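Hi there,

Here is the model I promised to pass on. Have a look at it first, and my notes follow below.

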Amino acid sequence: MRSTFFGIETMRRALLSQRTVMDTVGHNIANASTKGYSRQRVSLTPTGAFPYPGTNRVYGAGQIGTGVIVESISRVRDQFVDGQVRVGLTSTAQLNVEKSTLSQIENVFMEPATTQGFSGAMGDFFDAWQEISKYPDNTAARNQVIAMGQNMTDVIRNIDQTLRDIRVDLNGQIQKDVAIVNGILKDIASLTPEIAKVFTHGMSPNDLLDKRDLLIDELSQYVNVDVQDSEYLGGLAISIGGRELMRNDTVYDLTLEPNWDHPSQNTKTPYMNDVSQSDFYMLSQFSAGELKGAINSRDVILPEVQSKFEEVVSTFVNSVNNVHSQGLGISVEDYSTFGAGTTAKISNNANYAQIAATDTQYFSVGEQIQIVDPTDDSKTITVTITDIQTDGTGNGRLYFDNIGSLVKTEEQAAGVYTDVTFDIDAGAEIRKLVVDKYNFFETNELLSRNLVGDTSPDYYNQMTSTIKFPPGVSLDTTIGELENILGVQIAPSNATNAPRLRLDNNALTDTIDDNMTLEEVFRRIQKVHPLTNDGNAFGIKFDEVNHNVVLTGVTYNALAELGGENGSECNLFRILGFEGQNLSSYALQEGTQLNTTLGDLGISNGWIQIDNTLIQIDNSVTLQAGINDINAALNNTVEAKSYNTQIFFDEGTRRLRIVSDHAFSADTPDPSIFPATPPNAASNFLTVTGLQQQDSAPTYSKKQSLISTTTSDIGARLSVNSALIEDVNRIASASSYAGIPGDNSIALEIASLKNAMLMGDSSTGRLGSPTLTIDDSYNDIIADVGVKSATTQNSADAADKFLEYYQNRQQEVSGVSLDEEMTILIEAQHSFQAASRMINVVDEMLSTVINNMGLAGR
Amino acid sequence: MLTGGYSRVTNTMMTNTFIRDIHRNLSTIDKLQRQISTGKKIQYPSDDPVGADRALDYRQTVNELDQYSKNVDDANTLASNIDTVFQHMEDLLLRVRDLAVRASNEAPQNQANRDTIADEINSLLSAMVSQANQKFDGKYLFSGLKTGTTPFEAKTSITFNYTTGAGGNMEIEMPSTTIEGTTTQSDAITDTNSVKAVLVNGQNYVTALGGSYTVDPTTNIITLAGGPALNDSDVVELRFDKVVSVDYNGDMATREVEISEGTTVKMSYAGAVSNDANTQSVFGKYSGEGTDMASVEAFQKMMQLRDNIYKYGNGGTIDDIMKGIDDIDDVRETITNARSEQGGRVNRLELAKNRIEQMNIYTSKILSDRENVDMAEAISELVLAQNIYQASLQSGAKIIQTTLLDFLR
């Protein structure tokens with residue numbers, strides 16, 4: 001027998017359920033245009049039928065339904081589409097950044113729309129030289145050359161500065177983006193406990209999930225994330241390339257560190273924490289996203305353009321300077337007068353000028369001197385020196401061609417002559433005619449500039465260092481043999497990880513293997529064309545007699561960045577002290593690991609002294625801790641002599657390696673100072689075999705580079721030689737003194753540089769000579785940028801369409817359609833009304849039963 | 001959630017699509033607008049990378065051609081100036097020839113007349129020298145590379161080192177010059193009055209050294225008397241009353257100017273070439289200052305002729321004058337040759353100019369094809385784009401506004 005209120009109860013359930021439906025519809029409508037909102041649907045299910053089968057059941061015709069109940073309120077979401085949208089967001093963001101960078105680079109050059117860009121300026125410059133070649137002594141033409149030269153340097157400086165500004169901008173963007181990513185991760189992490197709580201209670205936290213999905217979408221713009229459910233209900237694991245960014249509510253922030261192969265201060269790259277080892281940073285594996293785009297733009301796209309432009313500019317500057325510095329201007333100047341006691345004794349039989357013997361050093365055969373009457377400047381004769389001698393009385397004589405009488409006759413009027421005589425014997429002046437040779441362009445030291453975000457320019461270390469070969473090693477020693485002698489791995493046996501020789505920024509495409517001799521390795525290094533200052537090549541000189549290797553070179557960071565792939569070190573050069581650093585390595589006993597205690601290694605408590613640093617040893621600590629302590633103590637202050645000394649343990653070969661910037665010594669500790677008995681030599685931590693000293697300490701000098709890896713400073717320092725601006729007659733046009741002023745051969749040669757093949761060395765092909773003019777090379781840069789830009793624009797368009805498609809799919813699945821909601825609302829409303837009507841009906845029926853039954857006969 | 005063959009479309013989808021398409025249309029319009037207002041198809045290299053590369057190349061070529069054109073013009077102007085000078089010189093030389101021919105007629109002339117003729121030739125000589133010293137644009141035409149130095153210097157005195165001759169150390173013989181293997185003794189002593197002063201080692205023999213001298217025009221010997229004897233290597237200076245030497249102070253190199261890549265043309269002129277050179281110069285050879293009495297060949301010949309006319313009465317012969325006339329003819333021929341060479345050069349320059357202009361036009365045309373926009377095409381595309389834009393706005397506006405709510409009671 002069913003209960004009295006059975007019907008009402010059923011209807012009550014209906015009312016409540018339909019109300020829920022209506023409320024949910026209202027929620028949907030309210031959020032119809034909310035970003036990231038997915039529509040929610042109420043899932044209704046009939047409540048259990050009555051009676052439930054059992055022994056005491058009520059018998060009747062069948063089961064009766066008992067109404068409806070809300071099973072769940074869930075959001076409508078397609079995971080796959082979500083994933084695709086994220087892919088689309090990541091690639092669009094990356095392409096947009098790259099597109100924008102390339103577009104900015106295009107704007108910098110402004111070709112071909114402008115006639116005043118680099119190309120136009122260079123054309124004008126060489127045109128000005130053509131003008132000079134026609135009229136070498138025309139002041140207007142000379143002024144034009146100066147003006148066009150200054151125009152060139154202005155244009156170059158402008159381009160260079162703007163490219164650097166783009167870089168600064170990208171730097172800032174990377175910093176900002178990393179902060180944003182870390183912020184988003186934190187937000188996601190803070191949502192996770194909330195979500196987990198709701199799930200634990202059996203409900204679906206739809207709005208929180210929407211919020212979290214939105215955050216993840218935003219995150220995808222910056223980095224290419226993989227999102228997976230974690231082991232906890234409602235938890236997520238977000239990772240990039242297998243390395244985790246976040247798990248549940250623990251966040252592993254991205255950090256910005258200077259990149260190991262970009263020593264310049266402001267090139268910082270995001271690194272990720274490796275969860276398994278704290279404080280161990282690994283280069284993050286971004287493959288897409290805005291961060292990747294910015295890093296790509298800053299480290300690949302922009303430097304490529306910068307370095308090609310560098311090449312063009314330096315070829316241009318050097319070629320012009322080379323020719324110009326061999327030429328002479330048209331003003332004969334710089335008359336140097338020699339001191340008192342200089343006389344020119346010219347007699348009819350001997351043609352010489354007499355000067356003090358010490359002054360003969362200023363003259364050389366073939367030079368021209370001018371002999372001037374001391375009383376009248378206008379009486380001069382120019383002669384060429386044919387011989388220089390000293391006579392017995394301490395006088396020097398400059399001999400020259402017989403010029404006959406020094407009496408000149410001048411016609412004052414027709415038939416009227418006057419004699420103009422030189423009273424040479426009374427002491428004439430001798431003047432050396434000096435025509436200076438100048439460079440056309442000069443590069444100055446960098447003036448101080450305040451660039452936000454990119455402070456000082458890169459300094460090079462000019463280094464000369466002599467390194468002694470370890471005993472038993474010669475140029476013919478192979479790498480394999482060297483490995484045995486020294487006990488370190490240089491060329492790993494795993495071929496896929498074979499290290500490449502990397503010198504500063506340039507990687508050789510060579511790998512080192514065990515069979516290479518040292519000589520071969522050095523030759524390969526010499527082939528590398530590092531970016532150098534003053535054209536000083538990087539040099540390795542081997543000296544087998546003295547068992548030495550002498551290195552000279554200009555490097556970015558004392559040649560310290562020699563390494564293999566992924567930052568792994570190339571042991572070869574650390575061992576040979578390539579960095580000009582002291583080093584040594586010691587073998588430790590079999591089975592030594594980082595967690596072996598020092599006591600087990602046979603070291604007792606006590607002290608060691610390295611230069612001025614005293615370090616107390618507690619032999620109960622592990623090797624790792626001991627090394628850390630020592631490193632900390634050694635690197636305490638910059639002033640300490642042992643600063644920049646590092647000790648590390650190579651587990652593969654059980655060798656303790658020490659690397660230091662300078663020649664230091666480790667003394668056996670003075671027993672009077674140390675409390676404990678000095679440990680015997682055999683067990684002393686560091687003084688086992690003494691340290692291999694350098695033959696000569698490396699000499700460092702800091703020179704400022706003309707160009708640098710990460711920022712090109714050439715533009716800021718290039719200018720027209722100020723000496724030429726002072727006096728335009730110094731501009732070289734003639735190639736010999738005799739040709740002044742009409743000789744224009746130098747001017748012609750400079751003008752012809754425009755069409756000279758100076759660039760595009762094709763030494764890798766059969767032709768070993770340059771094949772491109774400067775113009776061609778520059779045009780190539782422009783075309784290259786244009787192609788890249790066009791390609792990126794097309795890719796960005798395609799990616800945008802991809803994204804659009806999947807965003808539409810997302811909307812299709814999860815979007816709110818007002819029409820649909822209205823219809824559902826009406827449905828629910830009718831149900832609600834019908835249920836209310838039913839309640840009325842039952843109510844009336846019950847009323848009849850309660851109030852109108854059992855009143856018979858009243 | 002999708003049933004049937006239709007796809008679910010929400011309001012957000014429609015507005016998103018609408019907005020995206022508006023942006024696309026506007027960006028097309030923007031691009032066309034830009035093209036039309038600048039007239040250039042290629043704003044950035046990315047618009048057409050290959051085209052941009054070519055455009056840059058062509059533009060550089062056009063620039064170069066402009067410069068070459070200027071160079072050709074300048075060379076041309078110089079050439080026509082030189083030609084004018086040659087013209088004058090030819091006239092002068094013709095007149096000299098006429099005079100010489102008159103002087104060679106024995107019968108009607110007497111020495112006084114001849115002297116007058118010779119005087120005129122002397123002044124024509126000076127005029128020739130000043131023609132040769134012409135300037136153009138502040139630079140001397142015939143001084144080679146030393147464009148600031150006056151090329152030809154007419155001197156009225158000779159200076160040389162004395163060597164004792166056959167007559168002993170009281171006799172001064174006129175020095176001789178060798179040009180092209182022919183040694184000629186100077187005829188500068190044309191009569192007893194032609195020598196104005198004799199200086200030995202800078203001192204006047206008469207006034208300072210207390211001597212005297214006599215001249216013999218026939219033998220060209222000056223005999224000293226009364227003063228110190230001459231020593232070898234003494235420096236003797238003789239002063240005359242007319243031009244006796246014309247020295248060349250320029251140099252013998254030439255300056256070239258580029259008229260197209262790798263092609264140059266001479267732009268300066270050496271007034272004389274050295275004795276052993278095998279190139280020609282207008283004024284002939286010159287063995288250098290201070291060596292005896294050397295003059296530039298052409299002037300030397302003129303002086304020789306003049307002097308022969310003077311000396312006719314002093315033992316000169318008609319043959320000498322006739323030879324002089326032949327020499328003048330040689331000089332005239334040299335100048336005529338030089339003129340025709342100049343003419344040839346001018347022709348070459350004009351041809352070069354034509355070539356350059358044609359190349360210029362051609363390259364500019366290609367450049368324009370690459371770079372410039374076809375106005376008609378761009379404008380009609382712009383109109384089309386605008387129409388599309390308007391249509392999309394209108395239709396979109398209608399559709400996104402309608403919802404079910406408009407129709408429910």
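How are α2(B) and α3(B) oriented to each other, roughly parallel or roughly antiparallel? Before the answer, a word on conventions. This is a predicted model, in which local features need pLDDT of at least 70, side-chain atom pairs count only at pLDDT 80 or more, and totals for chains, interfaces and linings use all residues. Residues are numbered from 1 along each chain as its sequence is written, while chains are lettered from A and ligands numbered from 1 in the order in which they are written.

**The helix pair in chain B**

Helix α2 (residues 49-104) of chain B packs against helix α3 (residues 111-132) of chain B at an angle of about 170°, and their axes are 10 Å apart. (Helices are DSSP runs of H or I with at least four residues, strands are runs of E with at least two, and both are numbered from the N terminus. Axes are lines fitted to C-alpha atoms, for helices over the stretch in contact, and angles run from 0 to 180 degrees between N-to-C directions.) The two helices are therefore roughly antiparallel to each other, the term for angles over 145 degrees, just as those under 35 count as roughly parallel.

Residues of α2(B) that take part in the contact include V85(B), L92(B) and L99(B), and those of α3(B) include I117(B), I121(B) and L124(B); contact here means C-beta atoms, placed from the backbone, within 7 Å. The residues of this contact divide into 11 nonpolar, 2 polar and 4 charged. (Ala, Val, Leu, Ile, Met, Phe, Trp, Tyr, Cys and Pro count as nonpolar, Asp, Glu, Lys and Arg as charged, and the others, Gly among them, as polar.)

**The helix pair in chain A**

Helix α2 (residues 79-109) of chain A and helix α6 (residues 290-324) of chain A pack at about 30°, with axes 8 Å apart. That makes α2(A) roughly parallel to α6(A). Their contact has 9 nonpolar, 5 polar and 3 charged residues.

**Where the chains meet**

In all, 56 residues of chain B are in contact with 54 residues of chain A. α2(B) gives the most to chain B's side, with 13 residues. By class, that side has 19 nonpolar, 21 polar and 16 charged residues.

**Confidence**

The model scores ipTM 0.75 and pTM 0.66. Among the elements of chain B, strand β6 (residues 176-179) has the lowest mean, 63. Where pLDDT is low, the predicted coordinates should not be read in detail.

Best wishes

Note on methods
Parallel < 35°, antiparallel > 145°, perpendicular 65-115°, else oblique. Contact = placed C-beta atoms within 7 Å. pLDDT = per-residue confidence, 0-100.
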